Amino acid sequence: MEHHTGPDDPRVRERAHAIWEREGRPEGRHIAHWQQATREIAEEDAVPGPEAGLQTPDSASERALHEAAEHLRGVDSHSHHRQSSPAEG
């Protein structure tokens, strides 16, 4: 379930209050604390959870690394099933 951070989000209110307390309850910083809380929660919501499935690589180099890792996994799984020949023995 996707959650959108908005002005009525109780998580923002709770986080902003915690930030305010952590900073020693300064006066006049409520807007900055609210903005910081909104940013933090939006960033947390953007991090995919286990239910999000596999992530796709964003760049060609990441794709190449992913493909190389998949290839090595395949090579490794095949080497365990290989029987040793008399010359290796």
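Arg-25 lies in the loop between helix H1 (10-22) and H2, where helices are DSSP runs of H or I with at least four residues, strands are runs of E with at least two, and both are numbered from the N terminus. Arg-25 has a positive phi of about 55° although it is not a glycine. Most residues other than glycine have a negative phi.

This is a predicted model, in which local features need pLDDT of at least 70 and side-chain atom pairs count only at pLDDT 80 or more, while totals for chains, interfaces and linings use all residues. Residues are numbered from 1 along each chain as its sequence is written, and side-chain values use heavy atoms, with hydrogens and water left out.

Helix H2 (residues 30-46) holds His-33. With a relative accessible area of 1%, His-33 counts as buried (under 20%; exposed is over 50%, partly exposed in between; 1.4 Å probe, protein chains only). Leaving aside residues up to four places away in sequence, His-33 touches Ala-16, Ile-19, Trp-20, Glu-23 and Pro-26, contact meaning heavy atoms within 4.5 Å. One of these neighbours, Glu-23, also makes a side-chain to side-chain polar contact with His-33 at 2.7 Å. Such a contact is a pair of N or O atoms within 3.5 Å; within protein, one must be able to donate a hydrogen and the other to accept it, and residues adjacent in sequence count only if both atoms are side-chain atoms.

Turning to the whole protein chain, there are three helices and zero strands, in the pattern α-α-α along the sequence. Of its 89 residues, 8% are buried.
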